[in-house]
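Subject: Structure handover

Hi,

Here is the structure I promised you. Please look it over, then read my notes below it.

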Amino acid sequence: MTDHTTPISTSIPHDSAVLHVTGGARYVDDLPMPKNGLVIVPGLSTVASGVITSLDLDDVRASDGIVAVLTAKDIPGVNDVSPVFGDDPMLTEREISYHGQIIYAVVAESVTAARDAMVKAKIEINEIPAILTIDDALSKDNLLAKPWQIASGDAANAIAQAPRQVKGVIYVGGQEHFYLEGQAALAIPEEQGQISIHVSSQHPTEIQHKVAEVLGVANHLVQVEVRRMGGGFGGKESQGNHPACLTALAAHITGRPVKMVYDRDDDMKITGKRHDIRIDYHAGFDDDGKILGVEFDQALRCGMSFDLSKAVAERAVMHADNAYSIPHMKITSRLCKTNTPSNTAFRGFGGPQGMMGIERVIDHIAHDLKVDPLTIRQKNFYPDHSSPIHGKTPYGQVVNDSIINDLTNRLVVDSDYHRRRQAIQDYNATSSYFRRGIALTPVKFGISFNKTMLNQAGALVHVYTDGSVMLNHGGTEMGQGLFTKIKQITASAFGLSPRHIRTTPTHTGKVPNTSATAASSGTDLNGMAAWRAAVTIRDRMAEHLGHLYQLPPEDIIFADDHVHMKDEKITFAEAANLCWQGRVSLSSTGYYATPDIHWDPEKGQGQPFYYYAYGAAVTEVMVDLMTGESRLLQVDILHDAGASINPAIDLGQIEGGYIQGMGWLTMEELVYGDDGHLLTHAPSTYKIPACSDRPLRSSIKLYPSTGNLSATIGKSKAVGEPPFMLGMSAFFALSDAIGYNQDRYPSLDAPATAERLYMTAYRQRGNNALD
Amino acid sequence: MTALPRRPVKFLLNGIETTVDPDRADITLLNWLRQDRGMTGSKEGCAEGDCGACSVVLARRDDKGTISHQAANACILFLPMIDGLSVTTVEGIAGPDGVLHPVQDAMVTHHGSQCGFCTPGFILSLFAGWRQGMAWQRAEIEELLAGNLCRCTGYGPIVTAALSLADVAPPEWDSGRQEAEKNWLKAHNKTDLNTGEEQPFIAPTTRSDLSHAIADHPQYQIIAGATDIGLWVTKQHRKMDGFISVMQVEDLAKIKETKDHFIIPAGVSHAEAHSKLAADYPPLDALWQRFGSAQVRASGTVCGNIANGSPIGDLAPAFLALGADLTLQHRDETRVLPIDQFFLGYQKQDRKQGEWLAEVTLPKLATDEKFYALKISRRFDQDISAVMGAFCLKTDGGKITNIRIGFGGMAAIPSRAPKTEQALLGHDLTQPIDAELDASLTAALDQDFTPIDDVRASQAYRQHMAKNLLIKALLAGASDAPNADMLAGFSDQTKAILETNMGAAE
């Protein structure tokens, strides 16, 4: 009999692939609008900071096609859509905290009617000087919470005593999620005060809670369904609350179905993004490049409220070591409060920002010692699990599952790194306008929600008498292939092929009190819950069939769409029917809570992660020194997915993550005007990677793992977020290219756009770009 | 002229003849499909023609009977613009009984979709390539897909899916459909269109009728591909009184060639101009490859790009350098204006009420002329220029005897650089660019331009780029390189690098 650690490895296509390619996959805005349906368009603030002195919406209300105009006064419950801290008003009543904040909502027969009416709004705002940037907030000490710190050893002393030191600052810009489907919700009022919500959200349970709070009703009156999202990336962990609650309120007030879909510009102006960060660093090391101590001061732009910033900042701190065992570290974290959208979860959740600090330090050290940064990296890696000694993170977790040395060694060989490094040297020595660069960067990413209580999940499985299986679990599908993997897991428990399993939309009425599909944990948590639900039913069936066939239950084998009893076999459908006739329950829930993890946020110590995921990438680039334009020549990736449940899906996550991470650090730039207006609020100005921005050559492989050392489902590893950080290799390859043969360290900031690369090289060369 | 008779818009939608009489002409094809027809396979990702999630394929027939298939962004196409065309949406790709079309099958097989929201758009772009008989080489795939953004896959699996199509034969039902479409298009010549009760859309079939219609209705917006005007509606929520389209006049859709010139009339799309002019102007070939996207180039027109007067439109600087002439028409009168006299100020051109830009006349390059066009943008493909420079140098034994420089992104209008041109007259290309020349170019460019800081670039970067692009052109001129942009230099260099890297990976 298979157990939950038996690998399941088949590359079946995405659950919805055929629907995707035929246009049959429905997203919220594609659902047939119920009769009498209305739409909402939000009225946004056009100043970043101030106080509303007058709000006259009478002419809007009186316009054609307008059914209602909602303001804070219309909210029967709590005026808040925040995930945790109660500091995100749904409709701001008085205080304006950012450009793009929602002041009122027009409920109309059509979007055009709403837009036509909204020009008649009369709003007077007493403007207050805004605080927009990290440096602004730091200088005015405008923080959301008091600074937070983790320390191991005595970093200050270790740095002071070290033979060599580097010191510097790096700014890393934010990132818009740019999920292709904007935020969307549809609320349908039901009888007895119930309300049904269809929403594009990673967190249906939170939607349920927030809608109930806004309406002032019990949770059981609110049902939330999520079939799929057109991309999430963390941007739909908390940001779906807003449209869902607005539609719920409008439906509650008008008694009619109400839909809200942010258009692209509104979406980019209203919603939070990846936190941009300023990292001040000071590191001490010896002449061999062994790092002795590091101090980081991380300042994140959080925007106007907490949202998830506290947890994001925590993860940034907990990834300040990345894959390196550093004896003395001190990391200080500052949450800057600014008059900008409230920054939120985004793939990696602070981890990428934290890692950029240490990778920068290593790049700087290598420049100082005039050696290949790879040698510094390899000198400082956490020892592999097979080593007799293991390193310990600054937050006290022993790193006893490392494979980073082996993985890197393999990648160095696979990518022919050393020969290419020499070829690049030779090329740069003779080239006048073009420079090439290469970098290998590693990833060690902690898997589990930082907050221990969130590491739980539920599932619900029904077997019908014809042998078909219905599967429901608390995870949401945003394109990452979760439904496909959990279908494979459930199928394997029953010995069925996946086509016999039907996954139903995520629904708060089926599995309650779920966590967000986030922290890369979707498969680990929900997969195990689904496995347990399925195995509960399977064990009941085995017991009953054993009884019928006079065999011990362990001799009843579920495989090949059949149930095998020694020499006999019956179809799974026949077995299901026999069990029903024997009055055996063919329905079960399953529940899972990650074992062995604990975390003390006060002390900043514990074992917050069940395990780590590892990977590394080598990127080679070319830069045109006359313009700063750059191109990716080649990428080689080796990434650890444990025993992959679906290699094709995992490779898809890896490649997509790499490109998204590369985009974050190279071309994607959020530009705010002096008035706090986000100027890059559409794809015409905010540029995510296009097809031709891929490296000219790519080799993307899974690390030949024998499986996760921790007892995860099928011995697999989480793969949603970790590959995002492989994109760092592109950034450090660019730094390598412009740093070639220069005494001064380039101190490149991100994103490394053409302008930034050019200007950085220009300054570095004493204002002669072609020196 | 007498008013054109009113009639509904008529087109083929997934093989079915469809007529619609819209109240307002500015309803987009995407909104009509999704809201009026409940065909929700086509998605709205940006409503500005930048993400491609709304892509449909338009088939049209030219006067020689040739059928072309091109992807277009339905989010910024007004419904009347598809009159007389055949439209394919994602709902119309699969075969009988739901059998997947080869482009769909390839995307499933190669894991080309994740969240699936962009997928219908990719399917349609691939379908356009399929109908065009594409050879499915990597470079042309990237050009085909530049207008489709995907945030999940990193594009690798989609490119793999596209590459796999090289070996696939069309199924019989697909060829049958293509034949039926061809027959419909053959049977439907372009006819005058006058539609839209509340907001009219007028599209005459003769140049004269068009010209009089424009003069008769000065309050109506002249429209061609709507790749800019579409955004006035979807982004700025502007309400136009009506539209007059140049696109129904067959005579305006073709480039004419004389001994010394190419004449590009108002209805010529970028795609058409690209295919006809690439060989004569290699830098324009390279520029057009990254101009907008396949979708934008299929809809947008050359004359539209000039007439809208954008300070960053990519063709204007190139045409300034080439010394193009513009033909402006009012009723049956025409006047010719050198392009450098057309742009008067920010969004202000020398175009009188009732006048329209009928033609651009482009001189052919003489053997002693070297021409370069260089564009800097944040992203290589489908991005608006931070700085665009174009340079046309006439030389005699290495000495510059005449030079025209056109810049975009450096001022409120696309503009020549008179002081800089002056500074370079007599310069010997074979001599190195020394500090003295460098300083004089910097000074001249400073006199010519005071660029601004904006979302695309800082003032300082623009100033540096203006000079560096010019230096690149001078260096290219000295070495007789056909092209001065990074792409050309870069492709030569990278080809060699990747060859030496071969064997390392895979």
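B:Y155 counts as buried because it has 27 C-beta neighbours inside 10 Å. The cut-offs for that term: a residue is buried if 20 or more other C-beta atoms lie within 10 Å of its own, exposed if 12 or fewer, and partly exposed in between, with C-beta atoms placed from the backbone. B:Y155 has a phi near 75 degrees, a positive value in a residue other than glycine. Look for B:Y155 in the loop between α4 (138-145) and α5 (156-164) of chain B. Helices (H or I, at least four residues) and strands (E, at least two) are DSSP runs, numbered from the N terminus.

A word on the source. This is a predicted model, in which local features need pLDDT of at least 70 and side-chain atom pairs count only at pLDDT 80 or more, while totals for chains, interfaces and linings use all residues. Residues are numbered from 1 along each chain as its sequence is written, and chains are lettered from A and ligands numbered from 1 in the order in which they are written.

Chain A also has a non-glycine residue with positive phi: A:N322, near 40 degrees. A:N322 sits in the loop between α9 (309-318) and β15 (328-337) of chain A. A:N322 counts as buried, because 27 C-beta neighbours lie inside 10 Å.

Check the peptide bond between A:A750 and A:P751 too. That bond is cis, with omega about 0 degrees. A:P751 belongs to the loop between α18 (728-739) and α19 (754-764) of chain A.

Next, the interface. 67 residues of chain B are in contact with 75 residues of chain A; contact requires C-beta atoms, placed from the backbone, within 7 Å. On the chain B side, α2 (102-109), α3 (119-132), α4, α5, α16 (459-478) and α17 (486-501) each supply at least two residues. α17(B) gives the most, with eight residues. That side of chain B divides into 34 nonpolar, 22 polar and eleven charged residues. Here Ala, Val, Leu, Ile, Met, Phe, Trp, Tyr, Cys and Pro count as nonpolar, Asp, Glu, Lys and Arg as charged, and the others, Gly among them, as polar.

Last, strand β2 (residues 50-56) of chain A. Of its seven residues, the count of buried ones is zero. β2(A) runs antiparallel to strand β4 (residues 95-96) of chain A, joined by two bridges; pairing needs at least two bridges found by DSSP. A:V51 stands opposite A:E95 there. β2(A) also pairs with strand β6 (residues 122-127) of chain A, antiparallel, over six bridges. A:S54 stands opposite A:E124 in β6(A).

Best wishes

Terms used
Two residues are in contact if their C-beta atoms, placed from the backbone, lie within 7 Å.
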